[in-house]
Amino acid sequence: MNLFNVYSIVDIEIIKGRGIYLYDNKNQKYFDFYGGHAVISIGHSHPTYVNNIKKQIEKICFYSNSIKIPEQEKLASLLLEISEYNDYKVFLCNSGAEANENAIKIASFKNKKKKIIAFKNSFHGRTSGAISITDNKKIITKFNSQHEVKFFNYKDIYLLEEELKKEDTCAVISEGIQGIGGIIDPGIFFFKKIYSLCIKYNTILILDEIQSGYGRTGLFFAHQNSGIKPDIITIAKGMGNGFPIGGVIINPKFKPFNGMLGTTFGGNYLACSSGISVLEIIKNECLIYKAKKMGKIFINSLKEIDEIKEIRGRGLMLGLNFNFKIQKLINILIKKENLFVGSSFNKKIIRLLPPLTIEEKHIKTFILKLKKALYFLKNDK
Ligand SMILES: Cc1ncc(COP(=O)(O)O)c(C=O)c1O
């Protein structure tokens with residue numbers, strides 16, 4: 001084997017994806033309720049998306065950011081319109097970690113400070129700055145831990161205020177809803193409070209909507225139920241439906257200068273074509289509204305299952321809390337029921353992040369398959 005072995009791999013070879021279905025090399029069909037870590041927003045190989053990328057490949061795939069690329073402007077204006085951040089600006093990059101890295105840089109360029117406040121259970125990516133604000137000691141090296149970072153519990157907002165009072169914090173960063181941490185919604189009270197504290201103590205507020213954004217929660221961004229407008233928002237995952245693309249949405253008070261940020265691949269023609277297609281499909285197929293509607297139906301159906309002790313999240317970003325470790329259940333769901341779901345840092349939580357195109361019939365099938373898997377788990381001891 002030639003690959004550096006860092007992933008725990010399920011022994012299934014997927015060769016085709018269509019809508020919410022995946023097919024392996026033996027033509028077995030699977031239901032995708034995980035979207036490959038929340039990446040598949042508009043469904044696998046959506047025909048409009050595929051056609052647009054094909055057409056773009058035939059025209060031009062890449063040139064550097066030293067020339068005008070009108071597709072970047074089109075993507076940015078569509079994104080700001082749909083997300084209702086019309087007066088903000090967009091910086092395009094390639095991944096979630098890179099988006100967060102750039103967000104921190106923009107904040108630090110502005111106020112010349114370096115301390116970052118992040119939250120327990122957070123995940124922000126694996127590049128140096130992004131991993132330093134991730135609450136997982138196991139994956140942080142000595143090199144990454146040089147950054148000045150303080151972690152707080154969401155409920156300890158008053159302790160956090162004591163820290164902010166020192167006025168030496170560059171930025172506060174939070175996920176819209178924590179994903180890998182186990183679907184933890186900081187809540188409206190928290191967002192309103194942190195927003196006003198950041199203004200009061202002259203600190204920049206960064207919202208990482210990389211997993212919780214792009215319509216998944218029934219709003220374009222998860223934080224938008226609180227009415228706040230953070231200074232900077234980071235995006236990736238659902239943005240390209242599998243094509244690597246990330247972005248930073250930036251308040252106009254931050255002024256760019258030549259060379260301030262940069263990337264070779266960020267904003268290339270193919271990435272823009274995928275990004276524009278995703279947004280047009282989200283808009284034309286009313287996928288944000290559908291995510292909200294399907295989320296409600298999903299939550300109601302899940303309430304039938306006694307083994308689920310708590311349902312977390314909103315829309316199509318859901319966490320199912322069982323009172324036992326779920327790894328065996330996940331294996332049964334994949335191998336016996338041909339259903340993909342996700343796990344999290346919390347070993348008792350199943351994470352559901354299906355494409356925003358799921359329909360009621362898929363939810364019914366999910367419930368049936370979960371019931372069968374739980375029955376099998378109980379009777380297989
Ligand atoms: C909330 C959040 N931020 C950042 C990242 C990092 O994104 P990427 O893997 O594209 O670098 C992830 C990835 O899972 C994430 O869930």
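Mentor: Two residues count as in contact if their C-beta atoms, placed from the backbone, lie within 7 Å. The model is a predicted one, in which local features need pLDDT of at least 70 and side-chain atom pairs count only at pLDDT 80 or more, while totals for chains, interfaces and linings use all residues. Residues are numbered from 1 along each chain as its sequence is written.

Helix α2 covers residues 47–59 (helices are DSSP runs of H or I with at least four residues, strands runs of E with at least two, numbered from the N terminus). Its 13 residues, at 1.5 Å a residue, should span 18 Å, and the end C-alpha atoms are 19 Å apart, which agrees (the expected span is 1.5 Å times one less than the number of residues). Within α2, Tyr49, Ile53 and Gln56 are buried (20 or more other C-beta atoms within 10 Å of its own; exposed means 12 or fewer). Those three lie on the same side of α2, because they cover an arc of only 60° around the axis, taken from the directions from the helix axis to the C-beta atoms. That buried side packs against α8 (269–284), whereas the face turned away from it carries the exposed Pro47, Asn51, Lys54, Lys55 and Glu58.

For the surroundings, the domain assignment, automatic or from a database, gives domain 1 (14–46 + 286–356) and domain 2 (47–284). Between these two domains the contact takes 27 residues from domain 1 and 28 residues from domain 2, and on the domain 1 side α9 supplies the largest share, five residues.
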